[in-house]
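User: Hello! I would like to go through a structure with you, one question at a time. Shall we start once it is on the screen?

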Amino acid sequence: MLSESKKLNEKKRLRSLPEIQPPVTVRLMFKKVGTLQYISHLDLQRTLLRVINRACIPVWYTKGFNPHAKLVFSTPLSVGAQSEYEFLDIRIDREMSCEEIMDRLNAELTDELCITDAYIPTTDFHDIAWASYDIEIHTAGADSKMAEDIRKTLTTSPLNLTKKTKAGEKEIDITALIRSVNVTFDEESGAIKIKTVLSATTNEFLNPEMIITGLKQKLRVLSTDPKTEHYSIMRTGIMLSDMTLFR
């Protein structure tokens with residue numbers, strides 16, 4: 001980690017290098033886990049922008065009255081959800097290798113929020129079709145029968161819930177947006193474990209929190225003591241329409 005004076009000198013050195021025309025897009029793959037699951041998307045944007053500046057990344061700024069660095073994220077992640085598979089596109093206007101960008105950023109980050117890869121992308125975020133999740137539920141009465149009831153609930157149409165959209169609220173059958181679901185009961189931990197693949201397209205994005213909402217409404221899971229009942233959501237992958245991993 002550089003001192004403030006060294007950072008200032010480094011920024012001056014980078015800005016003196018020949019400008020790349022047009023700016024180059026670099027895709028950053030990162031994870032957000034642990035306590036950082038509770039920061040909002042806006043806080044994440046602000047945090048990564050500050051980190052990019054501290055790391056002296058030669059990020060491209062928009063022209064005009066209010067220049068700003070443009071950060072483009074892949075898919076939304078709700079507060080309280082963790083992820084091992086997030087993406088952010090930045091643009092740089094000076095030469096710097098992807099390896100150096102990753103090393104500089106990780107020097108300013110933590111184990112809970114860190115860059116796991118950096119490269120020049122060949123795909124577009126609009127190509128994303130699916131996202132996979134591991135959901136773990138600790139609730140009263142959890143057993144193999146409850147696991148089977150959960151599986152049936154999530155695979156039996158209709159399972160209508162109210163979804164908030166930019167145009168307002170609308171009722172949807174979420175089973176149409178669930179590609180696959182596997183539910184098991186783990187005797188050792190006493191948890192219901194759900195592995196599921198949900199729609200992640202721009203027009204039909206299914207927030208995994210709606211899975212929890214549906215189970216609360218239909219099966220009354222997580223409805224007794226909030227001090228002992230809890231759940232976790234981990235995004236484990238993002239896929240293209242043919243189910244190959246997005247890069």
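This is a predicted model: local features need pLDDT of at least 70, side-chain atom pairs count only at pLDDT 80 or more; totals for chains, interfaces and linings use all residues.

User: Thanks! How many of the residues lining the second largest pocket are charged?

Analyst: The lining consists of Lys-11, Leu-14, Arg-15, Ile-52, Asn-53, Cys-56, Ile-57, Pro-58, Val-59 and Tyr-61. By class, 7 of these are nonpolar and 1 is polar. The number of charged residues is 2.

User: What is the volume of the largest pocket?

Analyst: For reference, the second largest pocket has a volume of about 150 Å³. The space in the largest pocket is about 770 Å³.

User: And which strand gives the largest share of the lining of the largest pocket?

Analyst: This pocket is lined by 27 residues, and the closest to its centre are Thr-75, Pro-76, Lys-166, Thr-202 and Phe-205. The lining divides into 12 nonpolar, 10 polar and 5 charged residues. Its largest share, 3 residues, comes from residues 160–165, which form strand β6.

User: Let's turn to Arg-104: is this residue buried or exposed?

Analyst: Arg-104 sits in helix α3 (residues 98–106). Beyond its neighbours in sequence up to four places away, Arg-104 touches Glu-10, Arg-13, Leu-14, Ala-55, Cys-56, Ile-57 and Met-96. Its relative accessible area is 15%, and the cut-off is under 20%, so Arg-104 is buried.

User: Which side chain makes a polar contact with the side chain of Arg-104?

Analyst: The contact has a distance of 2.8 Å, and the cut-off for such a pair is 3.5 Å. The partner of Arg-104 is the side chain of Glu-100.

User: Lastly, which residues have the most contacts inside the largest nonpolar core?

Analyst: That core has 40 residues, and the elements giving two or more of them include β5 (130–138), α4 (144–155) and β9 (191–199). Apart from it lies another core of 27 residues, among them Phe-30, Cys-56, Leu-71 and Cys-98. One residue of interest is Ile-192, whose contacts include Ile-135, Met-146, Ile-150 and Val-183. The residues with the most contacts inside the largest core are Ile-192 and Ile-194.

Notes: Residues are numbered from 1 along each chain as its sequence is written. Side-chain values use heavy atoms; hydrogens and water are left out. A nonpolar core is a set of buried Ala, Val, Leu, Ile, Met, Phe, Trp, Tyr and Cys residues joined through side-chain atoms within 4.5 Å. Buried means under 20% relative accessible area, exposed over 50%, partly exposed in between (1.4 Å probe, protein chains only). Helices (H or I, at least four residues) and strands (E, at least two) are DSSP runs, numbered from the N terminus. Contact means heavy atoms within 4.5 Å. A polar contact is a pair of N or O atoms within 3.5 Å; within protein, one must be able to donate a hydrogen and the other to accept it, and residues adjacent in sequence count only if both atoms are side-chain atoms. On a 1 Å grid over the protein atoms alone, a cavity is a set of points where a 1.4 Å probe fits but cannot get out, and a pocket is an open set with protein on both sides within 12 Å along at least five of seven lines; lining residues have an atom within 4 Å of a point. Grid points are joined across faces, edges and corners, and a volume is the space filled by probe spheres set on the points. Ala, Val, Leu, Ile, Met, Phe, Trp, Tyr, Cys and Pro count as nonpolar, Asp, Glu, Lys and Arg as charged, and the others, Gly among them, as polar.
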